[in-house]
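Hi,

Here is the model I said I would pass on.

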Amino acid sequence: MSTLLSGCVVYDTPHRDGGHRGDRDRDGVPNRVDRDRDNDGVPNRMDRRPNDPNRY
């Protein structure tokens with residue numbers, strides 16, 4: 001079993017709203033480590049509005 005799970009990462013989202021506050025685009029990666037928080041295809045560092053999927 002450990003060989004099947006090696007390399008897997010599990011993120012805990014302890015928010016009361018179902019975890020979506022900590023994961024804006026609901027891709028399973030918390031905002032604090034997500035390289036594209038709004039899931040618009042533009043990395044946060046190049047995105048003028050990293051929290052708005054309609055603008056970059």
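Below is what I found, starting with the chain and moving on to single residues.

A quick word on the basis: this is a predicted model, where local features need pLDDT of at least 70, side-chain atom pairs count only at pLDDT 80 or more, and totals for chains, interfaces and linings use all residues. Residues are numbered from 1 along each chain as its sequence is written, and side-chain values use heavy atoms, with hydrogens and water left out.

**The chain**

The secondary structure comes to 1 helix and 0 strands, going by DSSP runs numbered from the N terminus (helices are H or I, at least four residues; strands are E, at least two). Of the 56 residues in the chain, 25% are buried. For burial I use relative accessible area with a 1.4 Å probe and protein chains only: under 20% is buried, over 50% is exposed, and partly exposed is in between. The chain exposes about 4,900 Å², with carbon and sulfur atoms supplying 46% of that; the areas come from the Shrake-Rupley method with a 1.4 Å probe, and for residues only the protein chains shown count as cover. Among contacts (heavy atoms within 4.5 Å) between residues at least 6 apart in sequence, 2% join residues at least 24 apart.

D38 sits in the segment after α1 (2–5). D38 is buried yet has no salt bridge, and the nearest side chain of opposite charge, R37, is 7.3 Å away. A salt bridge here is a side-chain nitrogen of Lys or Arg within 4 Å of a carboxyl oxygen of Asp or Glu; for charge, Lys and Arg count as positive and Asp and Glu as negative, while His and the chain ends are not counted.

So what does the side chain of D38 have close by? One of its polar atoms lies 3.3 Å from the backbone nitrogen of D52. That is a polar contact by this cut-off: a pair of N or O atoms within 3.5 Å, where within protein one must be able to donate a hydrogen and the other to accept it, and residues adjacent in sequence count only if both atoms are side-chain atoms. Leaving aside neighbours within four places in sequence, D38 is in contact with D25, D47, R49, P50, N51, D52, P53 and R55.

D23 is also in the segment after α1. D23 is buried without a salt bridge, and R26, the nearest side chain of opposite charge, is 7.2 Å away. The side chain of D23 reaches the backbone nitrogen of D27 at 3.2 Å. Not counting residues up to four places away in sequence, D23 touches G28, V29, N31 and D34.

D52 is partly exposed, at 23% relative accessible area. Leaving aside neighbours within four places, D52 is in contact with D38 and D40. N54 is exposed, at 69%, and its C-alpha atom is 7.4 Å from that of D40, 14 residues apart along the chain.

**Positive phi**

Most residues other than glycine have a negative phi. R26 has a positive phi of about 55° although it is not a glycine, and R26 is exposed at 57% relative accessibility. The phi of N39 is near 60°, again positive in a residue other than glycine, and N39 is exposed at 51%.

Best wishes
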